[in-house]
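Subject: Structure for your files

Hello,

The structure is below, and my notes on it follow. Please read them with the model open.

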Amino acid sequence: MQNSDKTILIKFVYADDFSDEKISLIVKRFAEINNISHYEYEAKRDESLVSGFAIYALGHLYDYSVKGQLQRISEFIKRNRKVVDESEIKENDISNFTGQEIKESIKEALAMYNEAPTTAVYDQNLWATDEEIEADDSITWTGVTSKIRDTFLKVTTIDEVGTVLSVSDGVAVVEGINKCKSTELISFSSGATGIAMNLEMDKVGVVLLTKPETVTEGMICKRTGETVSVPVGRGLLGRVINPLGNPIDGKGIIRYTDKRPIESKAPSIVERSPVNKPLQTGITAIDALTPIGRGQRELIIGDRQTGKTAIAIDTIINQKHQNVICVYVAIGQKMSTIVSTVNLLEKHDALSYTVVVAASSSDSASLQYIAPYAGCAIAEEFMYKQKKDVLIVYDDLSKHAQAYRAISLLLRRPPGREAYPGDVFYLHSRLLERSAKLSSELGGASITALPIIETQGGDISAYIPTNVISITDGQIYLESELFFSGQRPAINVGLSVSRVGGAAQTKAIKKVGGPLRISLAQAREMAAFARFGSDLDENTQLQLRRGVVLNTIMKQAQFSPLTMAEQVVMLHVATTDRLNFLAREDISDFVDEFLDYMHVLYNSVLRTIRSSGEFTPETEKKVDDIYEEFKLKYITEHTEYREKE
């Protein structure tokens, strides 16, 4: 603290029976140590301090109370909590479990104040030296030793505090915490917390993470020196939490060992490696046409109710036995929808390897704002520390941008295009850049991101969609017309693309899926001419027929993912025109029965494709022979095709 010619107000808050003389002497000594020459003081009793006192001066809190010490001990335990086996707790006494030093510190602080020394003795010995204590026989303060004094002074904190000037719509304007940093966590005396978002010369705009009614005008707040952090680790698997890490699934407390800041730097180029390992979604249209690699960021984009979440949920379900941890972040959805999604994951036994971070539409904009960053921090713990591949779904970033827009407007930041603030691009780029495949030196793990964006009327050139498209490594575009025509998943193969391409595919899928996109494009082009009703040559009819077959096998029911080997076999028989003899309504049944036939009698062929990842000429010949065998059986059983033959 610096000396000043103006009069400084010192507020003295105490819990014990302090006389006016004792208070005057303590304040005087405090002013001398902190070089305050002109001061006046106010004294107020507060029994919630338990024992001791606290001093407010020049925007700082000097906490010498037992309440403050207990709060620091609680924070220490939370920061350093360990998952301990129950047998270990029984074998050790409670002092070893909580920390002997912490226990002694509490006893010493209580003993120090319970002795209730005289005013003169209190003033002399508050900062007395060992030599002074030993030389002066009049000192009767029992237990005053260098150890107690050192412990007492060591646990004393000096906090920078401020005062709430106003609260409105979940934003508090605070003065007095001038050294506050951007995105720093601010703690209020009511127990509420907030994030410092606007840093101005004489005040700070704090976005509240708790209910607005928990903060009132004139309330004291303090800096924490930390950013928002969330619990991380395997204890979160199978749980539903809010963006602050608190469980909301009714399954009790979460056992965790570490916390991680929700904001962190993305891996550098040196720390990354090329994406070359596929992440199988189990959806043929995606795995064959727009493959996703581990470490990639693939956008799922489309209008409302076109199956965007269904694709993400199917992908999570397909990661069973794939050694992939999943994180599902729900932003701005109805709580009933989130509960339904969690029930689906549990029904398909996918919740055991999934963490669900939920910020529903009824939650504040601030919680919706931090939700994807909290989910990413949880995923990073698995990637960096446990060397696991992670799949994270952001559902959806359109509502995330809207929440950030609401916060920015409340903070009176200048609005830009569509009223979004100027840094809305950075909002998503700093989030999605944290998804990567790490180099082998760092363990080679990855985070694969599937952000979801909702469009309005199929307009992918709107502000937020174009922003996210430019950040990601490709997009899966879902079209309303295809969805309502029965093509599900309703993927528009013309507008969907993966910038990783064949690098994220196995050789088998690459071989059979190569002609797929070309055949679909040719069929779509020929279909436009066929509408004129003119006579079509044999080649054109073949292309149209091929398009019908391929579009039909691309239809896939929800919660029915296919393995890579099944996709290879199905695409092989479809792209080689072996299904052209079937009527449109029989194609799906024929393919399903053929795959079942192979599973029962020729599972070794599927196992070979799955283990090698290749579709060799020898394997191809075996599949062709099995197909002819099954086709003969199928024709024999179905009268209409037997007559055609």
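T183 lies in the loop between strand 6 (171–175) and strand 7 (184–188). Helices (H or I, at least four residues) and strands (E, at least two) are DSSP runs numbered from the N terminus. T183 has a positive phi of about 65 degrees although it is not a glycine. With a relative accessible area of 26%, T183 is partly exposed; buried means under 20% relative accessible area, exposed over 50%, and partly exposed in between (1.4 Å probe, protein chains only).

Before the rest, a word on the basis. This is a predicted model, in which local features need pLDDT of at least 70 and side-chain atom pairs count only at pLDDT 80 or more, while totals for chains, interfaces and linings use all residues. Residues are numbered from 1 along each chain as its sequence is written, and side-chain values use heavy atoms, with hydrogens and water left out.

Other backbone points

D349 also has a positive phi, near 60 degrees, and is not a glycine. D349 sits in the loop between helix 11 and strand 16 and is partly exposed at 40% relative accessibility. Two peptide bonds are worth checking on screen. The bond from D395 to D396 is cis, with omega near -5 degrees; D396 is in the loop between strand 17 (389–395) and helix 13 (397–410). The bond joining R488 and P489 is cis as well, with omega about 0 degrees, and P489 is in the loop between helix 16 (480–484) and strand 20. For background, most residues other than glycine have a negative phi, and most peptide bonds are trans.

The chain as a whole

The protein chain has 23 helices and 20 strands. Of its 645 residues, 49% are buried. Among contacts (heavy atoms within 4.5 Å) with a separation of 6 or more, 72% are between residues 24 or more positions apart. The accessible surface comes to about 30600 Å², and carbon and sulfur atoms account for 50% of that; areas come from the Shrake-Rupley method with a 1.4 Å probe, and for residues only the protein chains shown count as cover.

An open sheet of 8 strands runs in the order 12-16-15-17-18-14-19-20, with mixed pairing; two strands pair if DSSP finds at least two bridges between them. Its edge strands, strand 12 (240–241) and strand 20 (497–498), each pair on one side only. Strand 12 pairs with strand 16 (residues 354–359) in the parallel sense over 2 bridges, and I241 stands opposite V357 there.

Helix 14 (residues 424–432) is mostly covered, with 7 of its 9 residues buried. Its buried residues, including H428 and R430, pack against helix 12 (365–384), strand 17, helix 13, strand 18 and helix 15 (463–471).

Second largest pocket

This pocket holds about 880 Å³ of space. It is lined by 31 residues, and Q305, G307, K308, T309 and A310 are the closest to its centre. A pocket here is an open set of points on a 1 Å grid over the protein atoms alone, where a 1.4 Å probe fits, with protein on both sides within 12 Å along at least five of seven lines; lining residues have an atom within 4 Å of a point. Points are joined across faces, edges and corners, and the volume is the space filled by probe spheres set on them. Helix 10 (308–317), helix 11 (335–347) and strand 18 (447–454) each supply at least two lining residues. Helix 10 gives the most, with 6.

Regards
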